[in-house]
Amino acid sequence: MKMKKLLFSILLFLSITSTVDGQEMYSYSIDNPSDELLKKSDSGLLSKQQAIFDIASLVFSIGEIHPDMFSVCKQGDFFKMLNDIEEKLPDSLTTLKLYQLIQPLVVKIGDGHTSLFYPLNDAFKKDTPRIPLSFRVMPNNDITVLFSIDDKIPEGARIIKINGVSDSQMFEKMLDYVSGESMAYKMQKVRNGFAAFFFMLYSADSYNIEYLKPGEKESCHITLTPCPNHELFALKKKKQKESTKDEEKEIYSFRIMPKENVAIMDFRSFSDVERMKVFADSMFTTLRNNNITNLIIDITENGGGNSQVGDVLLRYISPKPFSQFGKYLVKVTPTSQALMKEKVNIGWYSGEVRDDEMKVPLSNKERHFKGNVYLLTSSNTFSSASSFAWTFKEFGMGTVVGEETGGMNVCFGDILEYKLPISGLNAFVSYKRFWQYGADEKDIHGTIPDYKVAKHEALSKAISLCTKH
């Protein structure tokens, strides 16, 4: 794809003036805050002035980096919310509280790649009081208990309410803190981050819990007091050692089911191009040597990475030349340029793939796979994984089974990391916009499966399809 530079002009605001109740209080340079402003209190709390500086710095930086931060949220709505946040700021606050206040503003942008990173290290200290149990949120959104301190609540019990707040009310509130383009993808992120969000939003001096024991219909009630974080962490570590389910898995692996004439590839991350080249060569050699004619690729738990990793695999299975992206748009300002590892000149850049730039499939001699290929997807399939899925279907490489992907066919991506100058909160901001090959700007959606089934049913469905060939 050739890069075409468009004319670009920037009006760079290097100073901010803060006003409260119509009175100017202070002004400062965003790129050069004073030593006094940077100094934190002995308690580690941020002052209101420091919080306002960090918020201004974040909004300024997103505006400088993001190609179109108001494509989803109207500018007026965004700045009204910003003003409301500043009005609610207390005189002092923790880093976690700052995150709690401003992450919903970032989420409003509607870009799954643009978000603040939850400050785990600031939130969870050794003696931080926690609810004395560990949660697991099931695919149907039931909140179940993995374990509790002193086994006060049995494993597998379903949580109905905590301090009068129902599970659905918790989910509704937590959705304000996860970035994403689709509701299904956002709900998956809520499920994954439930414990951290619960701590931030619902920590209390005691917890009145209504729950259902496994197999029972009448609910029980119990009141629990918090336990220190280290105690909960120690029990979790012990439980993990006792279970093989929590063992770390390879980023990609495969296994063969000879009787079914099926190979299953577990593809969990788009990482390490060179490693994928070695892996793919080994896998397809094994498939050929064992006369395996059905391959299932599972990307249901794949959140993305480097799309070039996907190109390596796609060359083995595509029946024709392909491209993951049809066109792109890139914005580079002095702010984004300063955050780049590999510098690009300031400007707007666009590109559209030409026929001679398409990726060429491997030859038969190079072990191109001629069998049937099935791709398993879910709402958790995002970023480069969703691009992979779109390309797989667009170029007729096989059959897609599962759920619509969480990543869209037109989306923002390629992130730059920006650290807020005083709180140290990390922000990730897109600086590119991508159109997957053949995508229609007027019809934005994820990859639609050929067979729509729940994520946990996708593998068995694919295996049953294999046996029909």
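**Basis.** I worked on a predicted model in which local features need pLDDT of at least 70 and side-chain atom pairs count only at pLDDT 80 or more, while totals for chains, interfaces and linings use all residues. Residues are numbered from 1 along each chain as its sequence is written, and side-chain values use heavy atoms, with hydrogens and water left out.

**Entry 1: domains.** I looked up the domain assignment, whose bounds come from an automatic or database source. It gives domain 1 (15-115), domain 2 (129-242) and domain 3 (252-323 + 358-407 + 446-467).

**Entry 2: domain 1 against domain 2.** I found 11 residues of domain 1 in contact with 13 residues of domain 2, contact meaning heavy atoms within 4.5 Å. The two domains bury about 910 Å² between them, with 56% of it on carbon and sulfur atoms. Buried area here is the accessible area (1.4 Å probe) that two parts lose on being put together, summed over both. On the side of domain 1, Gln100, Val107 and Gly112 lose the most area to domain 2, together 48% of what that side buries.

I then checked polar pairing. Four residue pairs (both at pLDDT 80 or more) are in polar contact between domain 1 and domain 2. A polar contact is a pair of N or O atoms within 3.5 Å; within protein, one must be able to donate a hydrogen and the other to accept it, and residues adjacent in sequence count only if both atoms are side-chain atoms. Helix α4 (residues 95-107) supplies six residues, the largest share of the side of domain 1 that touches domain 2. Helices (H or I, at least four residues) and strands (E, at least two) are DSSP runs, numbered from the N terminus.

**Entry 3: helix α11.** I asked how many residues of α11 (residues 307-317) are buried. Nine of its 11 residues are buried, that is, under 20% relative accessible area, with exposed over 50% and partly exposed in between (1.4 Å probe, protein chains only). Among them are Val309, Val312, Leu313, Leu314 and Ile317, and also Asp311. The buried residues pack against β16 (262-267), α10 (273-289), β17 (294-298), β18 (325-332), β20 (372-377) and α13. At the start of α11, a side-chain oxygen of Asn306 comes within 2.9 Å of the backbone nitrogen of Gln308.

**Entry 4: Gly398.** I located Gly398 in the loop between α13 (384-394) and β21 (399-402). Gly398 is partly exposed, at 31% relative accessibility. Its C-alpha atom is separated by 5.6 Å from that of Tyr374, 24 residues apart along the chain. Leaving aside neighbours within four places in sequence, Gly398 is in contact with Val373, Phe392 and Asp450.

**Entry 5: salt bridges.** I counted 13 salt bridges by the rule. In one of them, Asp281 pairs with Arg367, the closest N and O atoms being 2.7 Å apart. Asp281 lies in helix α10 and Arg367 in the loop between β19 (347-352) and β20, so this pair ties together parts 86 residues apart in sequence. Asp281 is partly exposed at 32%, and Arg367 is partly exposed at 29%.

I also noted the salt bridge of Glu441 and Arg433 (3.2 Å, N to O). Glu441 is partly exposed, at 38%, whereas Arg433 is buried, at 13%.

Technical notes. A salt bridge is a side-chain nitrogen of Lys or Arg within 4 Å of a carboxyl oxygen of Asp or Glu.
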